[in-house]
Amino acid sequence: MTTLTNILHAALTGSIGQHGEVAHAAAGAAPVQIAANGPWYAVLIPVFAIAAFLLCALCAAFKVKSKLPAWITVACLAASCGVSASVYAWVSSHGPAITYVFDWIHVVWGKDKGQSFVANFAFYLDTLTCLWMLFVTGLATLIALYASEYMSHDVGQGYNRFFAAFSLFVFSMACLVMADNFILLYLGWEGVGLCSYLLIGYFYKKPSAVAAAKKAFIVNRIGDLFLALGIMLCFVHFGTVEYKAVFAGVEEYIKHFEAGEFNKIPPVAQWIAYLLMGGAFGKSAQLPLYVWLPDAMEGPTPVSALIHAATMVTAGVFLIARTYPIFMISQYALHSVAWVGALTALLAATIGMAQFDIKRIMAYSTVSQLGYMFAGLGVMTSVGAAAHVFTHAFFKAMLFLSCGAVMHGFAGQLDLRKLSGVGSMPGWRIVGIAMLVGCLNLAGFPIITAGFWSKDAILGGAFANPHAQSIGWILLLTAGLTAYYTFRVYFRVFVGPQHFEPGDELHAHDDHGHDHAHAGHDHGHDGGHQSHSHDKAAASHDFHPHAPGWAINTVLAILAISAFVVILPLKLIPGELGWVGQMVEGSTARAVGHMEHAKFFGFDAHQAMMVVSSVVGLAGIAVAFVLHYAGRTSAATSRADALLPAFGPLANWAQHKWYVDEFYDFLIRKPLLVLAHLFHIIDQYLVDGLVDAAGYLPRAIGRLLRPSQSGELHGYALGMAGGVAALLLIVFLATTSW
């Protein structure tokens, strides 16, 4: 346990002090020296993942109809996780390093700065890399084991295709996280986007899944454009795309950042952060590009747990953390990150409160918690943000997998008005316990949960920053709403009177045949789902849910234990911060040190938040208990129904997700569709018309001349006579003097 604790602590890149304060390096710390001789075996992390992809592709080629692809994936990803731990051990002993693999892009057209473009296939290894790769590979291994059972209904070509895309995703994520330059990061960035598209649209015969996959792909392309522009501008200004050289170039601006002299930092250098920010908002589903992630729940639940809860959606957080020096030298970049994160957290929480699909509620919760992470980075609580990434990965994966187990066993049922008392049913106790542990962490239950400590670090940092008081209040309100909607799910589905109705897949094996558009999620309220057909009721009596097997239960048990183990590196083990480098670390320390820490009603902000956030979280749980558990006698109704009229149209608007999708449809999609039809008409009748006219003219001339080549001698004679007569006429006219 001690070894595991030390690994988790150092990988977390820092620790929360007694009052939640960041343990910074001494002011004036020299820039960190990056060795260029990192461990060679770091390359095995992506190699094992790509090997799993290739072997699964071979299984597809040979039409394997067993669980072999799952066991290949589990074994290879477990090996990657083991290598990640070994790399951490090396980095903790030797410090940050770069592991060179091979020359990739190397173009030189001069000897001056900016006259070469170098992007090698090499890995930048530091504690930030170790943090991400430990939970990416670790959770990928567990979720692959879960998926071996969850996807067993599709053994065959679909099974092979799923695990091939799953493994390719881990390879892409490794390239993104471990890259030592922006180009390799961009390769991984696009790779995870592609794999996300493939996995969201796994059920390609289902229209809603195809639409969700396309929506995710298109919205992410918007963010990717900003990231590409940011990389280009970075090269234009710094003359390089390698992290080491870029951070060395940023160092000269750090003194201006510490002194608040942003007017001395070139605007082009400050604009890089805004472009990178756009890419981060797209990948991590922040305002205004968050709309793709809730629809991504159309993919299989293991996909939701891995890609859309624990790993891919944190890529935006990683991007800002990795390029934190660039954000610090931009005057308003971190303020923008903080405000967008806080507003996203609040908006998503209000939508999550009004949904009835338990998996979609968890999706909006993910958007909200990602907002928390961005807010933490924005208010310069970088360790709090990193800690919340780490803890959230475990408990949110557990929540998704618990919901997936329910969906798997109850024929795709996800409506919380049709399920009750699931946790006390035979065979479902492990799922119920895992769900409870996940809900406690997400709600920030005091002291005993890792989610409490990581969320408290962000809240304390926000209130300790005199420029982020408003953001702190928004995040505190969001914490209360989160506790409420989280336990709304738990009290409605997992405790209370036992009741269940099968989902729309009663006679199907498909995981997500569930069609949200017809599930009644956006109609009425908790009490508005009273009528059920007699046929449906009869089918419900004949239906017997199947409890999860050993693979699902094992993974949920491990995650439930892990959710408590990760408390140790957060709170109990002292240590020093190891962020993107001592240069950033020391500069942040000096900037924060020169800033007077704000008080929360006269108390230390971090100490006060431990109490205040506890009260707010417990209040949210208590409200959920009263409205959705106490006195409830059926699954379909609760005391909350009587309160809905008091909110007027707000409840209905929240159920319809504040009509953001409809607004985008009206403002963007429909005008683009009209414009597309207009251009289609122009292309069809003007462009094609001109081309067709150019082709028609020779054809028309040929058609006129065709009779003259009929092959009849008298016709040729007549033509010759006519030609001679015409020539004589022309000669006569030309020689006659008028």
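What share of the 738 residues of the chain count as buried? The share is 57%, where buried means under 20% relative accessible area with a 1.4 Å probe, protein chains only.

This is a predicted model, in which local features need pLDDT of at least 70, side-chain atom pairs count only at pLDDT 80 or more, and totals for chains, interfaces and linings use all residues. Residues are numbered from 1 along each chain as its sequence is written, and side-chain values use heavy atoms, without hydrogens and water.

The chain holds 28 helices and six strands; these are DSSP runs, helices being H or I of at least four residues and strands E of at least two, numbered from the N terminus. Contacts are heavy atoms within 4.5 Å. Of the contacts with a separation of 6 or more, 83% join residues 24 or more positions apart.

Helices α3 and α4 pack against each other.

| Helix | Residues |
|---|---|
| α3 | residues 68–94 |
| α4 | residues 127–150 |

Their axes lie 8 Å apart at an angle of about 160°. That makes α3 roughly antiparallel to α4, a term for angles over 145 degrees. By class, their contact has 16 nonpolar, eight polar and no charged residues.

Thr 73 sits in helix α3. Thr 73 is buried, at a relative accessible area of 0%. Beyond residues up to four places away in sequence, Thr 73 touches Ala 52, Cys 56, Ala 144, Phe 163, Phe 166 and Ser 167. Thr 73 and Ala 144 are 71 residues apart in sequence, yet 6.8 Å apart in space, C-alpha to C-alpha.

Technical notes. Buried < 20%, exposed > 50% of the residue type's maximum accessible area, 1.4 Å probe, protein only. Axes fitted to C-alpha atoms, helices over the stretch in contact; angles between N-to-C directions. Parallel < 35°, antiparallel > 145°, perpendicular 65-115°, else oblique. Nonpolar A, V, L, I, M, F, W, Y, C, P; charged D, E, K, R; others polar.
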